[in-house]
Amino acid sequence: MGQRLVHPESDGSGMSGSDEDQPATRVVTAGRREEWTQGVVNPPLWRASTILYDDVAHLRATARRGDTHHTLYYGRRGTPTQWALADALTELEPGAEGTFLYCSGVAAVTAALLSVLKPGDELLLPDSAYDPTTSFAGGLLKTFGVATRRYDPLIGGGIADLIGETTRAILLESPGSLTFEVQDVPAIVAAAKARGVVTLLDNTWATPLLFPAIEKGIDLSILACTKYVVGHSDVMLGSVTAGPGFFAKLRNTSFQLGQVASPDDCWLAARGLRTMAVRLKQHEASALTVAHWLADRTEVATVLHPALPSCPGHAHFVRDFKGSSGLFAFALKDGDEASRAAFIDALRLFGIGYSWGGFESLAIPADPHRALGVPDHGGPLVRLHIGLEDVGDLIADLDRGLAAFRAAHG
Ligand SMILES: Cc1ncc(COP(=O)(O)O)c(C=O)c1O
């Protein structure tokens, strides 16, 4: 025990993704090294806390080696189930060095930030960042002596003017939470690199399939795997994939924090990953159909879908993304809290609940909290996640919702 695993009749290489394959092929093959699968198609479930050693000398030799990467050592350092999923996510990001997994997307965001920031540093944060990310910056990071400056998500290369002596990291989230501004990632990365500033991107909306972040120069690419990787709304999980030079620091920080993702959750996420490319294609097609349908409705003031010209930063989307996913927002023209609630409550197929990225459609009221001012979209926002149901049925449901909105609106 306490050693590498290899199938008895195998050369140990097994199936694994290659940079030459298309992303849809890579989600099928990635992370399936025979060392991890032992010949089973998908990596099996290895649960462990204690790992047994042959004798004291073996235990001491393993501990002395220091680097326990991909070695059975103690449950907190992982088993082949977690390593296989981490490898798979690394293989989806051409140029990446390695991936660490976390018990949620928020845990991934916070560990990534802690791995690059120290007291006295400044973090630049988009005003459209996911709320708990902003709360962490204004909470624990502030307590630990890290200052945060908010920036307009559409600032682009103008971010160079905000980079000061103490600026250590820029977080990006593209498109932004709730309001979907698409950032000029190449311009921000270029400004950051010119000043030796680290870039972190919350890439949950696009996944590496639609936006290969490391290839685009991002240093740490963050996913709430809870969404599209898992895809079935039954697991909380996060990942950070590190670009060249960032994995050792990320892993070391995460080990110190005691971070470990449950093997059961990683096993489910690996199952989800295999179908992510086809699921994303369907989410994309149905969400675009719904977004265009909404854009033509007189009850709708604007549609915030990155693939539609009405979305701020749309030109960046067209230039940089390989496609869109299933999450977007729209504004109910001149609506109020009550008429928005009437719209959402009238929906039969759209569930009302947090998160997104699963097979089912969801609708929530979206109320952005902003430091730099909330943009006026012409009415209250509704965020939709378009699931895998028949798109005609979804449109009929939204039509029912709009009738209820009209009735409540007077
Ligand atoms: C953009 C984004 N990042 C991170 C997260 C956090 O993920 P989790 O819910 O797995 O903590 C979410 C959750 O909704 C999200 O929308």
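In the predicted model, Gly-245 counts as exposed, with a relative accessibility of 59%. This glycine is found in the loop between strand 7 and helix 9 (247-256). Gly-245 and Ala-57, which are 188 residues apart in sequence, have their C-alpha atoms 33 Å apart in space. Another glycine, Gly-217, is by contrast buried, at a relative accessible area of 15%, which falls under the 20% limit. Gly-217 is placed in the loop between helix 8 and strand 6 (220-224). Beyond its neighbours within four places in sequence, Gly-217 is in contact with Val-189, Lys-193 and Thr-199. A separation of 44 Å lies between the C-alpha atoms of Gly-217 and Asp-54, 163 residues apart along the chain.

Strand 1 (residues 98-102) pairs with strand 7 in the antiparallel sense over five bridges, and Leu-101 stands opposite Ser-239 of strand 7. Strand 6 also pairs with strand 7 in the antiparallel sense, over five bridges; here Ala-224 stands opposite Gly-238.

The loop between strand 6 and strand 7 contains Ser-233. Ser-233 has a positive phi of about 55° although it is not a glycine. The residue counts as partly exposed, at 44% relative accessibility. A positive phi, of about 60°, is likewise found at Thr-207, which is not a glycine either. Thr-207, however, lies in helix 8 and is buried, with a relative accessible area of 2%.

Strand 4 (residues 167-173) has six of its seven residues buried, so it too is largely enclosed by the rest of the structure. Its pairing with strand 2 (residues 122-126) is parallel and involves three bridges; Leu-123 stands opposite Ala-169 in strand 4. Strand 4 and strand 5 also run parallel, joined by five bridges. Within this pairing, Glu-173 has Asp-202 of strand 5 as its bridge partner. In the loop between strand 4 and helix 7 (185-194) lies Pro-175. The peptide bond joining Ser-174 and Pro-175 is cis, with omega of about -5°.

A search of the whole structure finds nine aromatic pairs. The rings of Trp-205 and Phe-317 have their centres 6.3 Å apart and their planes at 75°, so the pair is edge-to-face, the angle being over the 60-degree limit. Trp-205 lies in the loop between strand 5 (198-202) and helix 8 (207-210), whereas Phe-317 lies in helix 12 (residues 314-320); the pair therefore ties together parts that are 112 residues apart in sequence. Both Trp-205 and Phe-317 are buried. Arg-77 lies over the face of Phe-255, at 4.2 Å from the ring centre. Arg-271 is positioned over the face of Trp-267, at 6.0 Å from the ring centre.

At the level of the whole chain, the protein has 14 helices and eleven strands. A compact globule of 410 residues would have a radius of gyration near 22 Å, and the value for the protein chain, 22 Å, agrees with this expectation. Along the principal axes, the C-alpha atoms fill a box of roughly 80 × 50 × 35 Å. Of the 410 residues, 57% count as buried. The protein chain exposes about 16,600 Å², of which carbon and sulfur atoms supply 55%. Among contacts in the chain with a separation of 6 or more, 73% are accounted for by residues 24 or more positions apart.

Methods:
Residues numbered from 1 in each chain as written. Predicted model: local features only at pLDDT ≥ 70, side-chain atom pairs only at ≥ 80, totals over all residues. Heavy atoms only, no water. Phe/Tyr/Trp six-rings, centres within 6.5 Å; stacked < 30°, edge-to-face > 60°. Helix = DSSP H or I, 4+ residues; strand = E, 2+ residues; numbered from the N terminus. Buried < 20%, exposed > 50% of the residue type's maximum accessible area, 1.4 Å probe, protein only. Lys NZ or Arg CZ within 6 Å of the ring centre and 35° of its normal. Rg over C-alpha atoms; globule rule 2.2 N^0.38 Å. Contact = heavy atoms within 4.5 Å. Areas by Shrake-Rupley, 256 points an atom, 1.4 Å probe, with all protein chains shown as cover. Pairing = 2+ DSSP bridges.
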